[in-house]
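Let's walk through this model by question and answer. Have the sequence and coordinates open as you read.

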Amino acid sequence: MRIAIASGKGGTGKTTVSVNLALSLENVQLLDCDVEEPNCNLFLGHPLQKVEDVGIQVPAISKDKCTSCGKCAEACRFNALAVLLTGVILFPKLCHGCGACSIACTKGAISETIQVIGSIERSASHTHGIELYQGVLNIGEPMASPIIRTLKGHIDNSRTVIIDSPPGTSCPVISSITGADYCILVTEPTPFGLHDLMLAVDLVKDLQLPHGVIINRYGTGNDGVEDYCSENSIPVLMKIPYDIRIAQLYSEGTPFVLRMPHWKDRFQDTFRQLQELTGRF
Amino acid sequence: MLAYRHVPKKVSKMKICVTTKDKGPEAGTDPHLGRCMYFMFIDTDSLQTEFADNPYATASQGAGVQAAQYIAGRGADVLICGNPGPNSMSVMEAAGIKIVKLPEMKAMEAVQAFLANNDS
């Protein structure tokens, strides 16, 4: 089973849920898809090894063949090309590597070169029995999705796969959660948490992903999230209390299930619930 | 799409482009380039003005790149704008368009301020 952990709002506890759920189950592969700031390994401390570089194809334009006709810039829906009399200017940070420009060019002036934007790493050893993969987007690079897609190419379907998604509802999130059997939306019980939860629910509905909610820092805020979930028949899978011990362990980089083992049972219960909801194992 | 031909002109006769928030003689300048509402083109010979919608004002990305290419295609020699972004600046530089940064004011005042400064 592939379980994606997402949220509309950032900082609600996606990584907390991902890591603690992973540590509570057997035979787990954990994918940290928050490639702009992968942080699962802050809590696992695995030695990591690089598996591969990730690149996108960007155009290389031959000055000799280019006639400044402008067809490439017209074809580019990401506005990464400007055509002047003096030639074509490429803005590689805007390029999505789609290749439309080279198809549009009738002069054969465009070839494609690989530009490395990040890498994939995996845990070299399996300290806690978890196989961790993470994507790393190089500093200054804006496009997370190609890294996430490459990262997901390493999914091992013989394991329980936990996908820690970046926050929000934009392209990197869609890349992360697409193909999951179930999406857990982590939220906090505040008006802000509810607002962004509603955006995330719209997204998972669009993607037709079965979904449920984990409320973190339960006991703060108000009842808005619970009311919303019951009105919309969204299962609340778990409530993690606003508890100083959990916060303290978090601040030390310790997953709380390692020190509060009764929580392992709770995560296992939640997992069994997901197995029943999805019919997958 | 317009031709990308940019013909250098004598300094005495220039086409100036001003980014604006609205149209008409009282139009105010817009500090943005890629996402301004309109471009005002003015010919320093005839002092005739022409307003054009910025076709890229709502582009999802790269608005500055395309706006700059558009302004170059219209044959502008000078751009008056509050704060063009780095991508559009490099297009302007490649096209040989002079960039003049001025605070927000009426577009015609900005043109006069530039011309007064340029003559001295």
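Q: In what order do the five strands of the open sheet in chain B run?
A: This is a predicted model, where local features need pLDDT of at least 70, side-chain atom pairs count only at pLDDT 80 or more, and totals for chains, interfaces and linings use all residues. Residues are numbered from 1 along each chain as its sequence is written, with chains lettered from A and ligands numbered from 1 in the order in which they are written. Helices (H or I, at least four residues) and strands (E, at least two) are DSSP runs numbered from the N terminus, and two strands pair if DSSP finds at least two bridges between them. With mixed pairing, the open sheet of chain B has the order β3-β2-β1-β4-β5.

Q: Which strands stand at the edges of that chain B sheet?
A: An edge strand here has a single partner strand, so one side of it is left without a neighbour in the sheet. The twist from one strand to the next averages 25 degrees. The edges are β3 (49-53) and β5 (98-101) of chain B.

Q: Which residue is the bridge partner of Val78(B) in β5(B)?
A: Strand β4 (residues 78-81) of chain B pairs with β5(B) in the parallel sense, over four bridges. Within β5(B), Val78(B) has as its bridge partner Lys98(B).

Q: What pattern does chain B follow along the sequence?
A: Chain B holds three helices and five strands. Read along the sequence, the pattern is β-β-β-α-β-α-β-α.

Q: Where in chain B is the pLDDT below 50?
A: pLDDT is the predictor's confidence in each residue, from 0 to 100; chain B has a mean of 89, and 88% of its residues reach 70 or more. Two residues are in contact if their C-beta atoms, placed from the backbone, lie within 7 Å, and the stretch in question has four contacts in the model beyond near neighbours in sequence. Where pLDDT is low, the predicted coordinates should not be read in detail. The stretch is residues 7-11 of chain B.

Q: Which element gives the most to the side of chain B that touches chain A?
A: The model scores ipTM 0.77 and pTM 0.79, and it puts 18 residues of chain B in contact with 15 residues of chain A. Two elements give two or more residues to that side of chain B: α1 (63-73) and α2 (86-95) of chain B. With six residues, the top contributor is α1(B).

Q: Which strands are at the edges of the nine-strand sheet in chain A?
A: That open sheet has mixed pairing and the order β3-β6-β7-β2-β8-β1-β9-β10-β11. Each edge strand pairs on one side only. They are β3 (48-61) and β11 (236-241) of chain A.

Q: How many residues of strand β1 (residues 2-6) of chain A are buried?
A: Arg2(A), Ala4(A) and Ala6(A) point one way, while Ile3(A) and Ile5(A) point the other way. β1(A) runs parallel to strand β8 (residues 160-164) of chain A over four bridges, and four bridges also join β1(A) to strand β9 (residues 182-187) of chain A, again parallel. The strand is largely enclosed by the rest of the structure, because the buried count is five of the five.

Q: Which residue of β9(A) is the bridge partner of Ile3(A)?
A: On the β8(A) side, Arg2(A) stands opposite Val161(A). In β9(A), the bridge partner of Ile3(A) is Tyr182(A).

Q: How are α7(A) and α8(A) oriented to each other?
A: The axes of α7 (residues 191-206) and α8 (residues 224-231) of chain A come within 9 Å and cross at roughly 30 degrees; axes are lines fitted to C-alpha atoms, for helices over the stretch in contact, with angles from 0 to 180 degrees between N-to-C directions. Among the residues that meet are Leu194(A) and Leu197(A) in α7(A) and Tyr228(A) in α8(A). Angles under 35 degrees count as roughly parallel, over 145 as roughly antiparallel, 65 to 115 as roughly perpendicular and the rest as oblique. The two helices are therefore roughly parallel.

Technical notes
A residue is buried if 20 or more other C-beta atoms lie within 10 Å of its own, exposed if 12 or fewer, and partly exposed in between; C-beta atoms are placed from the backbone.
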